[in-house]
2 protein chains.
Amino acid sequence: MSDADASGVLSIDAMGGDLGPEAVIAGLARAVRKTPAMRFIVHGDTQVLEPLIAKRRGLSDHCTLRHAQDVVVMDDKPSQVLRTGKATSMWSAVEAVRSGEAQVCVSCGNTGALMAISMIRLRRLPGINRPAIAILWPSRNPAGFNVMLDVGADIRADPDDLLQYALMGISYARNGLGLDRPRVGLLNVGTEETKGRAELKEAHDLIEANAATSHYEFVGFVEGGDIPGDRCDVIVTDGFTGNIALKTGEGTARFVRDMLAEAFSATPLSKIAALLAMTSLKRLSKRIDPRRVNGGVFLGLNGTVVKSHGSADETGVAAAIALAWDLSRSGFSDRLQARVAAATRSLDVPSGGKA
Amino acid sequence: MSDADASGVLSIDAMGGDLGPEAVIAGLARAVRKTPAMRFIVHGDTQVLEPLIAKRRGLSDHCTLRHAQDVVVMDDKPSQVLRTGKATSMWSAVEAVRSGEAQVCVSCGNTGALMAISMIRLRRLPGINRPAIAILWPSRNPAGFNVMLDVGADIRADPDDLLQYALMGISYARNGLGLDRPRVGLLNVGTEETKGRAELKEAHDLIEANAATSHYEFVGFVEGGDIPGDRCDVIVTDGFTGNIALKTGEGTARFVRDMLAEAFSATPLSKIAALLAMTSLKRLSKRIDPRRVNGGVFLGLNGTVVKSHGSADETGVAAAIALAWDLSRSGFSDRLQARVAAATRSLDVPSGGKA
């Protein structure tokens, strides 16, 4: 691998996904065909990885292998991994971000373990209480996506955490979606200011009070239907609610897609119709294919970690790699850090709120 | 209207929906064409309603009009309606269930006000702490639907409430979906027993402990993706989470449908394809059309109230009426009451739980 600054290098955990290292290496090959400037540090069992990389023409020029004998599996407990997981590919992949060799790490492995290792090794940004996982959600907005966080880093979030999520989500929307002045909404069961839990009302006032100094627009409470909508660009919620919403949305989209496939294979006429509509349907399928928006981003740490779906195939891994690349090249980690630091210094706390 | 027992009579709030009484009366006419045995008590301004009903041939034979001069509008506060709403069509419609003239009431109006009036006039079943709103969700199960509750009656729910939701949801699945031994799942952010909030673990043990005596199967924790899935028939959650999930699912389905329509009008070829696939697409659209599964059912009261979508059109209203009819004819109110009473007498509380 040629020398490059850290923003041109991604740290890849090649093990631990449901489909094994084959899918990850195939994803790397696909990503690099599109963006030949990519360089990877690939973590895992070199005896397994070397032949897989050698099979892909030219890929080895983009890769530095780093041997890790152990693998974090899906049902490993995070606490256990913290004690005994130092020789795993996941640990090694995060470590390369800590050491500054790469700015962004990508893993398809166990989410809880990845978050635990990231927390311990990268540590939280000053002023951040709880890190969050942000995702891109296909939407009616011109950018094609909305940002939603937290989708499951922590099942709790107090009003201060929700304000921090808003600030981090805005930074992600600026860098990931190219929006100048993102609109933020706070997820609730109604749009009226009187609805919902007490801590949500407090968070509402906090996020509102900081909109001017932190250069975003606050649209107030939004509902589940606004997540794929165009009322706002960033949807803020706690990790419990966000995780349920994410999985409900994914499940619903999958259900509708399967019903659609069934409808098109129901009769000979509908099969012909499917052929005629192929191009249009492919465009649709691309737009709502979860593999193409694959990648939850851990925010609030010293360094960026992209968590790919455990079941990601070649297409899914390539999408997560492309996202990691964009974030790395835009210097996202540093920008986020600067934004949180600035906001933390000048937090406006409405009367009655906590300091 | 001819004499009939209360199970053949539905009490209809004809005012307060977004599309006005025209849509409600059109829905009644459509419902009665399919089920001529239906009888209605129709509540609202008779000067408005009489000509609307007269326009529909034969409909007046099925209707008894009951004059109510006031209307609850969408932004009326429930507390205000309780104080000053006695002359509203909504109040009158609920009153007819209280008096025993009808077993089930249907309204397209303000959900909060409808729940408040129902609580005050019908009162909770003995042993029920919080009533819940249950809906049918299109699913991969043979019945075509799953039951989910609570979707927004109350933003809080403690473990005892979640157990009561399970019991009421099972009763609804038996009567509404014809299932002998419904499978219940508790919504959480993961299926492992160690995941989620402490009160969810407590609810998990309570629902598990009562499965045998109350003749249901408990599949444990389920995730958002299982709501349209086939792992269980009844999904139990608190009203905050349930409302977010419902609106996220509806929003996602609407988004995918709109993208599909766009895909089919993109090119001349895709327009021809749409024509060819018309029948299959209509079948799909019917299956996932929220208007056809219209109707949240208030459970846990002395009497059943069906809340139709505020924006329901003729098709939507007819679907809510059909649901109300099925519940009325099956004697659902009495069965639910018996089930809750039996369970309350013999609740198994696992060690460490509350009595």
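**Reading the interfaces**

Student: How many residue pairs are in polar contact between domain 1 of chain A and domain 2 of chain A?

Tutor: A polar contact is a pair of N or O atoms within 3.5 Å; within protein, one must be able to donate a hydrogen and the other to accept it, and residues adjacent in sequence count only if both atoms are side-chain atoms. Between these two domains there are 3 such residue pairs, both residues at pLDDT 80 or more. This is a predicted model, where local features need pLDDT of at least 70, side-chain atom pairs count only at pLDDT 80 or more, and totals for chains, interfaces and linings use all residues. Residues are numbered from 1 along each chain as its sequence is written, chains are lettered from A and ligands numbered from 1 in the order written, and side-chain values use heavy atoms, with hydrogens and water left out.

Student: Which elements give two or more residues to the domain 1 side?

Tutor: Helices (H or I, at least four residues) and strands (E, at least two) are DSSP runs, numbered from the N terminus. Here the elements are H5 (111-122) and H11 (314-329) of chain A. H11(A) gives the most, 7 residues.

Student: How much area do the two domains bury between them?

Tutor: Buried area is the accessible area (1.4 Å probe) that two parts lose on being put together, summed over both. The domains of chain A bury about 1,400 Å², with 59% on carbon and sulfur atoms. On the domain 1 side, Met115(A), Ile128(A) and His309(A) lose the most, together 33% of what that side buries.

Student: How many salt bridges does the rule find across the interface of chain A and chain B?

Tutor: The rule asks for a side-chain nitrogen of Lys or Arg within 4 Å of a carboxyl oxygen of Asp or Glu. It finds 6 between chains A and B. One of them joins Asp238(B) to Arg197(A), at 3.6 Å, N to O. Between domains 1 and 2 of chain A the count is 0.

Student: Which element gives the most to the side of chain A that touches chain B?

Tutor: H8(A), with 21 residues. The buried area between chains A and B is about 4,500 Å², 72% of it from carbon and sulfur atoms. Arg197(A), Phe240(A) and Phe255(A) lose the most in chain A, together 15% of what that side buries.
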